[in-house]
Amino acid sequence: MSLVIRNLQRVIPIRRAPLRSKIEIVRRILGVQKFDLGIICVDNKNIQHINRIYRDRNVPTDVLSFPFHEVTATHGLCHLLGFTHGTEAEWQQKEKAVLDELGRRTGTRLQPLTRGLFGGS
């Protein structure tokens, strides 16, 4: 399946082709070639922000991983039902309510994609 690599930091040079090759080898070793995978490289400030939002830990970390398909699917369905980012309060309330209920039913802890983007947390 797909492998997406994004480099959003400028501290460490990353060569995508060698990284992609090595990740594909690791995927074959682990037997997970059928799963989509996204790798996003960020700086310490951004990973600390993400760690604080999703894990309530206000420190940088080396790796965070998410079953993001649940969050992105919820985000997309909210759009299909007519919710827009133009109504930020309504959007955040609906997306959070859906993710909270999904988490209650599945035992997961999911946060909206838009959390922290509109000046709040």
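## Glu101 and its partners

Glu101 is partly exposed, at 30% relative accessible area. This is a predicted model. In it, Glu101 takes part in a salt bridge with Arg104. The closest N and O atoms of that pair are 2.6 Å apart. A salt bridge also links the side chains of Glu101 and Arg105, at 2.7 Å from N to O.

Helix α4 spans residues 88–106 and holds Arg104 and Glu101, 3 residues apart. That spacing puts about one helical turn between Arg104 and Glu101. Arg105 lies in helix α4 too, 4 residues from Glu101, again about one turn of the helix. Shared partners join Glu101, Arg104 and Arg105 into one salt-bridge network.

Arg104 is exposed, with 59% relative accessible area. Arg105 is exposed as well, at 64%. Glu101, their partner in the network, is partly exposed.

## The pair in helix α1

Arg27 and Glu24 form a salt bridge through their side chains, 3.7 Å from N to O. The pair counts because the cut-off is 4 Å between a side-chain nitrogen of Lys or Arg and a carboxyl oxygen of Asp or Glu. Both residues sit in helix α1, residues 16–30. They are 3 residues apart, so about one helical turn separates Arg27 from Glu24.

Glu24 is partly exposed, at 22%.

## Whole-structure count

The search of the whole structure finds 3 salt bridges. Among them are Arg27 with Glu24 and Arg104 with Glu101.

Methods:
Residues numbered from 1 in each chain as written. Predicted model: local features only at pLDDT ≥ 70, side-chain atom pairs only at ≥ 80, totals over all residues. Heavy atoms only, no water. Helix = DSSP H or I, 4+ residues; strand = E, 2+ residues; numbered from the N terminus. Buried < 20%, exposed > 50% of the residue type's maximum accessible area, 1.4 Å probe, protein only.
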